[in-house]
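Please keep the sequence and the model in view while reading.

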Amino acid sequence: MISKYGFMRRVSAMGCLLIVFLLALMACTKHVRYDKSLTRADSLMNMYPDSALAILDSMEQSTRNFTQSDTRRWQLLRLVAHNKLDTVFRSDSLQLILTEYFDKHGTPNERMMAYYLLGRAKADMGESPEAIRAYQKAVECADTTAHDCDLRTLCAILGQEAAIFDIQQMPRQQIEALQQYSHFAKKDGRIYDYIRGHELQLTAWYALDDTARCFRLTEDCHRMYLENGMEKAAASVYPTAILILLRDSQYARARTLMQAFEGKSGLFDSKGNIEPGREHYYNSKGKYYNGTNQLDSAEYFYRKLAKYEYAHNYNAYLGLMEVYRKRGVIDSVSKYSMLAERALDSIQAESQADALALAVSSFNYARNEELAREKTMEAEGQKRKAERLKMALLMAFLIASCGFFFFRSRKNRVINRKIQEIELLQNTIIQMEEGNSPSNDQLDVFEKSDIVKRLKQKAVDIESAGVAELAELRNTADRLLPVFIQSLGKTGYELQSHETNLCILIKAGFRPSEIATLMNLSPQAITNLRARLNKKMFHTDKGAKDFNEKIINLTS
């Protein structure tokens, strides 16, 4: 027979397992609810990004209950929505965190999207070489053999990459990117984008002076557009061919194409102005009228062209110089010759700066690759040790969970909270008696608060902080360090939530290695983030250590 005590032990053990099972079931239920909302936002993203963003924003209050996986997915989707709504990114810190996370835990589509968003941030911040690196990495992440490969995003990445190559005057790389763009657009069933990818290659082939290829490609694109009932798009392919004909003084043929382009492309308004981004066509108009000795009309279009950025200014000044040469106005010829020379100097200076930035970026990238290989070899040994501990840790977690729920009651948590509130009130009373304003920072009280103590212990135990704990840390800092929090907002740089958490942890006296553990990031990522914030908040390149000193001394 089973003894009374044996029976009780079995009941107790079953009770522990039942509690763990119920908690797991509740967590799964919450996860399913959040997953449905995230999936709903994702499904609306391409057609209705504003609606997707509204759903994601409405979930912000629930993020403290998210798992790390749900949090990172929510952050990724919010960045996607902002990108589709043409938000200009001022920081790349969140994108760097997401690429690091999805490199380890994401699907090919998620990894591709994370690197694409990093590239968009780098491009918005004026770091074109780094943007290209991110786009190339994003393309490498795509699994184009999978049935669910996000080909639309892949095409967007290749299009952005081609645009940067165009600006940096790298026509062969531009052509390669556009050829891939057309290939995957066709695979995705988007015929317009397939043809458009071919059409966009025209300017690159023109830069390579392959006029025969330009005419052949123009005819092919015109034919494909017409075969698919796209008459306006068919007329829009002519500008490069027009420019070549004008260069060869074939004005009659050029005029025929110009009439088709202006009459059927739908790119001109009622006043004859072309749509923004295509102002270079005014140069062709000026060349036509100059070549046919209609100098007043030529001058009109050259002056119209001169209103735009310096790359167009150069062509406008050359055209005006030629107009005044024909008129015999020597002073104006000299004036526009000098202006054209200055515009050309500006173009060359920017090209040299871009080339230098690309060279420096290439060197840094190669060195980083070497360091990454070294770290990978070192990490492999640690990984084998971690595998052996995994099962033991899982069992220890289940046993610890049972003990926790049996020996830490609600009553003890309430008592601890009340003790903390009493200590806070006592400190406030002492400050009021000493004449200090309660709005001043209470750093000593903050450092002794329950949440800081708990995070200190987590850092010792090498455990990351949960979303709810970081939210509690922020709320405690808002209450006890109001001046410090306000000072962070007065630096001129708008901190994101994870960046604010970093500053609060530094103020509370946590070491960089402890912060890396709590924020579930590598020490190098924390170092990079601190150095980047030092530049953005305090406008100095002195590095991560200097940033810590500034944060610690802020409002002190």
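A charge sits over a ring if NZ of Lys or CZ of Arg is within 6 Å of the ring centre and within 35 degrees of the ring normal.

| Charged residue | Ring | Distance from ring centre |
|---|---|---|
| Arg72 | Tyr101 | 5.8 Å |
| Arg213 | Trp205 | 4.1 Å |

The model is predicted, with local features needing pLDDT of at least 70 and side-chain atom pairs counting only at pLDDT 80 or more, while totals for chains, interfaces and linings use all residues. Residues are numbered from 1 along each chain as its sequence is written, and side-chain values use heavy atoms, with hydrogens and water left out.

**Aromatic pairs**

Rings of Phe, Tyr and Trp (its six-membered ring) pair if their centres lie within 6.5 Å; planes under 30 degrees apart count as stacked, over 60 as edge-to-face and the rest as tilted. Across the whole structure, 14 aromatic pairs are found. In one of these, the ring centres of Tyr116 and Tyr135 are 6.1 Å apart and the planes meet at 40°, so the pair is tilted. This pair links distant parts of the chain, since Tyr116 belongs to helix 5 and Tyr135 to helix 6 (residues 128–141), 19 residues apart. Helices here are DSSP runs (H or I, at least four residues), numbered from the N terminus. Tyr116 and Tyr135 are both buried, where buried means under 20% relative accessible area, exposed over 50%, and partly exposed in between (1.4 Å probe, protein chains only). Elsewhere, ring pairs join Tyr251, Tyr282, Tyr288, Tyr289, Tyr300 and Phe301 into a cluster.

**Nonpolar cores**

A nonpolar core is a set of buried Ala, Val, Leu, Ile, Met, Phe, Trp, Tyr and Cys residues joined through side-chain atoms within 4.5 Å. The largest such core has 92 residues, and Tyr225 and Ile242 have the most contacts inside it. Helix 5 (residues 108–124) gives this core its largest share, 8 residues. A second, separate core of 38 residues includes Ile451, Leu495, Ala516 and Ile551. Contact means heavy atoms within 4.5 Å. Neighbours within four places in sequence aside, Ile242 is in contact with Ala254, Leu257, Met258, Phe261, Tyr281 and Ser284.

The expected span of a helix is 1.5 Å times one less than its number of residues. For the 16 residues of helix 26 (residues 523–538) this should be 22 Å, and the end C-alpha atoms are 22 Å apart, which agrees. Its buried residues are Ala525, Ile526, Leu529, Arg530, Leu533, Asn534 and Met537. Among the elements covering them are helix 4, helix 23 (482–489), helix 24, helix 25 (512–518) and helix 27 (544–553). From helix 24 (residues 497–507) comes His498, which is buried with a relative accessible area of 10%. Residues that His498 touches, beyond those up to four places away in sequence, are Ser93, Leu94, Ile97, Met519 and Leu529.

**Positive phi angles**

After helix 26 comes His539, with a positive phi near 55°. Asp86 is not a glycine, yet has a positive phi of about 60°. Asp86 occupies the loop between helix 3 (68–84) and helix 4 (93–105) and, at 63% relative accessibility, counts as exposed. Asn293, also not a glycine, has a positive phi of about 60°. The loop between helix 15 (281–291) and helix 16 (295–305) holds Asn293, and Asn293 is exposed at a relative accessible area of 55%.

How values were computed. Helices (H or I, at least four residues) and strands (E, at least two) are DSSP runs, numbered from the N terminus.
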